[in-house]
Amino acid sequence: ASGPSAKAAARFLIQAAFGPDQDSAGDPDQIPENVEEVMQMGFSGWINDQFTRPVGLLEPFVRWAGENANALAIYNDRKQDAWWGRAMGVPKLRPDDPSGQLPDPLRQRIGYCLSQIFVISDRMEDLAVNPEGMANYYDMLLNHSFGNFRDLLFDVSLHPCMGLYLSHLGNQRPNPALNRFPDENYAREIMQLFSIGLWELNADGTRKLDAQGQPVATYTNADITQFARVFTGLAFGGENENFGLWPRDFTTPMGAWDEEHDLNPKTLLRGVTTPARTGSPGNEGTATLLDVNAAVDNLFQHPNVGPFIGRQLIQRLVTSNPSPAYVGRVSAAFANNGQGVRGDMKAFIRAILLDPEARDAAKMSEPAFGKLREPFLRCVNLARAFNAYSQSGWYYLDAFQLDHVQEPMKSPSVFNHYQPGYAPPGALVQNGLVAPEFQIINATSAMMAPNYFWNAITGGLHRWGTGNPNYETLLNLTQEMLLNVPPEAVSDPYPSTQPLDPDPLLRRLDLVLTGGTLSPQQFQVIREALVRIGPFSAWEWPKSRLKLAIYLIVTSPDFSVQR
C-alpha cells in the first residue's frame, strides 16, 4: 500500500512532533525531509522507529552551560536552551560530545505533554536556582515517555524537585502532642492531577452518576489524610546520612527514613489497606518505600487512570473535544497493550495518534474537531519550518512566556498554564465544548504574539536580540526566497524583475506551517496581498513580500487552530 500523502504526513507531524522541517536544498521536490520520512515509513512505521531512538536528554547541556556560563557569556535560562536543542534535533547532547545521536521528536513531544500534567515550575525560586535538578526531572519524564505509567508515577513521587514543589519533601510522621501533621499537598495532587481526577469515570471518560444522577467523587478529604501519611519520611537523598534538608541533591531520588515515616496501617482507595510496618535503620527506608509502592499501585490500578490521563494526552496532541468512543479506545489500550500489560505508554501513544479520529482527514471539516495550538508550540513550528539556526549551532532561546504566556517548566501553578476543562464564554461553552489553550489568550497576548512573529521572521527568534551575534537564532529563508523572486533578484534589494507566481510559495508555506489546512479563502486573501508587492514598490520589496506571506499565515486562524 502507498504511504500517506505529503499533507497527511505534515498534519501528523504537527500532532506527533513539532511540525514539518525545511526541504533539503539538494532535493528536487518541495516536500520537507521529515514529511518524506513519514510518507515512506507510514504513520505506524514512523512511530515504531521513534520508539527505538536514544533519549534526547536535557541535563547534559544544562550541566555544560553551567560549567561554561561565564567563559561563554551564557546568561539566559539554560533549561530552555537545552529544550530547544532537543526540539530542533541538534545531534549532540552537549557541544563537547565526541559523537551525536538521532533526534527523538516523538519522545520530546510526549515528554513536553507529560510536563504539563506532572507540573513543576521555576516560578518557585528554590527550583529556579537549580536548573540541573529541573532538567533531571524533565529527563525522568522523557525516560518514562515510552515506558510504563506505573514507573512514571513512582519516580515522579520520589523526585526531589516534585518533593520540594508539592512539599512532601521533609514530611514527618504525625505527632498530635506537638500538633504536627503531614503536609497534604502532594497526597491531594497525585490523585486530583496525576492519576485519577476528581470524579469517577466510565472507560470512555464520561462521568459515572449515582442514583440521584450526581457525579461520584473519587476520593474524600479523609483519603487525602491517609495518603499524606504515606508520603512521610522522604528527604534529600544522595549522600545524606540524616533526615534533613541539607545537603540538597536535586538529581537523585529522595531518600527514605523510616524513623520519620508513619508506620501505622493506612486505608487507601477502594478498600485497600496497608499493614503496620516495621522500620529499618537509617535511610534504608524499607517501610517507607513499601507504603509508597502500595499507594502508587493503588492509584495505578484505578480504572480512572486510562480515561483521565488519556483524554488529556489526546487534548495536548490531537483535539480538545475527543468523542467518548475515542477516549474509550485509548483507555482500552492503557488497560491492556494486547499482551495483558497495563500502563504501556507505547500502546497508549499509538492508540492516540493512530486512532481513526486522529487520522481521518474528513474530521477536519467538523466544527468541533481540532484544538487551539499552544502559543509556544507555534513558535517551535515556525523555527522548524525554516530550519532556524545560529552560528553557534545551539539555540540560546528563552523568555517566550512574556509574549506567549507559556514556556516549558514555567507554569504559574501545579494546574499548568491552562486547565483541561477550561471553556471560554460564548459559543463553545454553550455547546458543551472545551478549549483549554484559550485560558491564556487575552487582549494582551493576542496582540503580543503577532508582534513577536513579525519581528521574528527576519529579525531573529530572540525577544530582545542577543549581545553575542553567534547566539542570534534566525530563520533560514533562502529556499523560500527562490520561490518568491528569480535567482538573479535574490540578493538585490531593489530589483526591477517581476516576482514569481505566488502560488508555489504559498503552497510550500501552507504545507510546512498548517499541515496543508489553509482554507481556499485565506489562500486567496494572502495571494491578493502578495501580488500588490512588486518592482519599485519599496526598498527590499522581495524580502518584504516573503515576510508578509509568512506573517499572514502564522497570524491566520488556520495556523492558530490545529485541525
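I took a salt bridge to be a side-chain nitrogen of Lys or Arg within 4 Å of a carboxyl oxygen of Asp or Glu. The model I examined is predicted.

**Entry 1: salt bridges overall.** I looked up the total and found 30 salt bridges in the structure. I noted one network, in which salt bridges link Asp-77, Lys-79, Asp-122 and Lys-410.

**Entry 2: Arg-63 and Glu-132.** I found these two side chains joined in a salt bridge, at 3.2 Å from N to O. Arg-63 belongs to helix H3 (residues 59–72) and Glu-132 to helix H7 (residues 131–144), so the pair ties together parts that are 69 residues apart in sequence. I recorded Arg-63 as partly exposed, its relative accessible area being 32%. Glu-132 is also partly exposed, at 23%.

**Entry 3: Asp-262 and Arg-229.** I found a salt bridge of 2.6 Å, N to O, between these side chains. Asp-262 sits in the loop between strand S2 (255–256) and strand S3 (266–267), while Arg-229 is in helix H11 (residues 221–230), 33 residues apart. I noted that both Asp-262 and Arg-229 are buried.

**Entry 4: Arg-316 and Glu-437.** In this salt bridge I found the closest N and O atoms 2.5 Å apart. Arg-316 lies in helix H13 (residues 305–317), and Glu-437 in the loop between helix H19 (427–430) and helix H20 (445–459), 121 residues away in the chain. I listed both Arg-316 and Glu-437 as buried.

**Entry 5: cysteines.** I searched for disulfides and found zero. For Cys-379, the nearest cysteine sulfur is that of Cys-113, 17 Å away. Cys-379 is buried, with a relative accessible area of 1%. I found Cys-161 buried as well, at 0%.

Key. Residues numbered from 1 in each chain as written. Predicted model: local features only at pLDDT ≥ 70, side-chain atom pairs only at ≥ 80, totals over all residues. Heavy atoms only, no water. Disulfide = S-S within 2.5 Å. Buried < 20%, exposed > 50% of the residue type's maximum accessible area, 1.4 Å probe, protein only. Helix = DSSP H or I, 4+ residues; strand = E, 2+ residues; numbered from the N terminus.
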